Amino acid sequence: IHFKNDSTGKRIPKNPELLKYGINLLKGIRKVDPYLYSEISELNFNQSNETVIYLRKNSVPIILGRGDLNRKLNYFATIYYHLKQRRKLDSIMAIDVRFNGQVVVKEKS
């Protein structure tokens, strides 16, 4: 989130809606799955305002994109626990859940 100074010098977000969206997203994840929430190190928005979450372990980016976040967070949780159970998280470079009906997992070669 980028900030600017208003006329009084107070620091305010350039896009308050995006900030509110990010906070609500993190609160929602924490409410539904506190463990998964604790595995998140960072929340970012790319130049297209698509959501990208980074995991604490290896800074793996989880690309959520925009819209339909309930489905995407469900995909993210499912694949995260699947990879964790199989001890594959160390070999993952990125997880992309933007697409309906599929999750793209990029592994290290």
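User: Which exposed residues are carried by the face of H1 turned away from its buried side?

Analyst: This is a predicted model in which local features need pLDDT of at least 70, side-chain atom pairs count only at pLDDT 80 or more, and totals for chains, interfaces and linings use all residues. Helices (H or I, at least four residues) and strands (E, at least two) are DSSP runs numbered from the N terminus, and buried means under 20% relative accessible area, exposed over 50%, and partly exposed in between, with a 1.4 Å probe and protein chains only. On that basis, the face of H1 turned away from its buried side carries the exposed residues Glu 17, Lys 20 and Lys 31.

User: How wide an arc around the axis do the buried residues of H1 cover?

Analyst: The buried residues in H1 are Leu 18, Gly 22, Leu 25 and Ile 29. The arc is taken from the directions that lead from the helix axis to the C-beta atoms. These residues lie on the same side of H1, because the arc they cover is only 60°.

User: What do the buried residues of H1 pack against?

Analyst: Contact here means heavy atoms within 4.5 Å. By that criterion, the buried residues of H1 pack against helix H2 (34-38), E3, E4, E5 and H3.

User: How far apart are the end C-alpha atoms of H1?

Analyst: The expected span of a helix is 1.5 Å times one less than its number of residues. For the 17 residues of H1 this gives 24 Å, which agrees with the model, where the end C-alpha atoms are apart by 24 Å.

User: Which strands stand at the edges of the sheet, each with a single partner strand?

Analyst: Two strands count as paired if DSSP finds at least two bridges between them. The open sheet has 5 strands in the order E3-E4-E5-E6-E7, and its pairing is mixed. One side of each edge strand is left without a neighbour in the sheet, because each has a single partner; these edge strands are E3 (40-45) and E7 (104-107).

User: What angle does the direction of helix H3 make with that of E5?

Analyst: Axes are lines fitted to C-alpha atoms, for helices over the stretch in contact, and angles run from 0 to 180 degrees between N-to-C directions. E5 (residues 61-65) is joined to E6 by 2 bridges, and these two strands run parallel. Helix H1 (residues 16-32) packs on the sheet, touching E3, E4 and E5, with its direction at about 150° to that of E3. Helix H3 (residues 69-85) also packs on the sheet, touching E4, E5, E6 and E7, and its direction makes with that of E5 an angle of about 160°.

User: Which residue in the turn between E3 and E4 has a positive phi?

Analyst: E3 and E4 pair in the antiparallel sense over 5 bridges, with Phe 45 having Thr 51 in E4 as its bridge partner. The two strands form a hairpin with 5 residues between them, and the turn residue with a positive phi of about 60° is Asn 49.

User: Which residue takes a positive phi in the hairpin of E4 and E5?

Analyst: E4 is joined to E5 by 4 bridges, and the two run antiparallel; Ile 53 has Ile 62 in E5 as its bridge partner. This hairpin has 5 residues between the strands, and the residue that takes a positive phi, near 65°, is Asn 58.

User: What is the relative accessible area of Thr 51?

Analyst: Thr 51 is found in strand E4 (residues 51-55), which is largely enclosed by the rest of the structure because 4 of its 5 residues are buried. Leaving aside neighbours within four places in sequence, Thr 51 is in contact with residues including Tyr 21, Leu 25, Phe 45 and Ile 62. Thr 51 is buried, and its relative accessible area is 0%.

User: With which side chain does the side chain of Asp 96 make a polar contact?

Analyst: Asp 96 is found in strand E6 (residues 92-96) and is buried, with a relative accessible area of 8%. A polar contact is a pair of N or O atoms within 3.5 Å; within protein, one must be able to donate a hydrogen and the other to accept it, and residues adjacent in sequence count only if both atoms are side-chain atoms. At 2.5 Å, the polar contact of the Asp 96 side chain is with the side chain of Arg 98.

Methods
Residues numbered from 1 in each chain as written. Heavy atoms only, no water.
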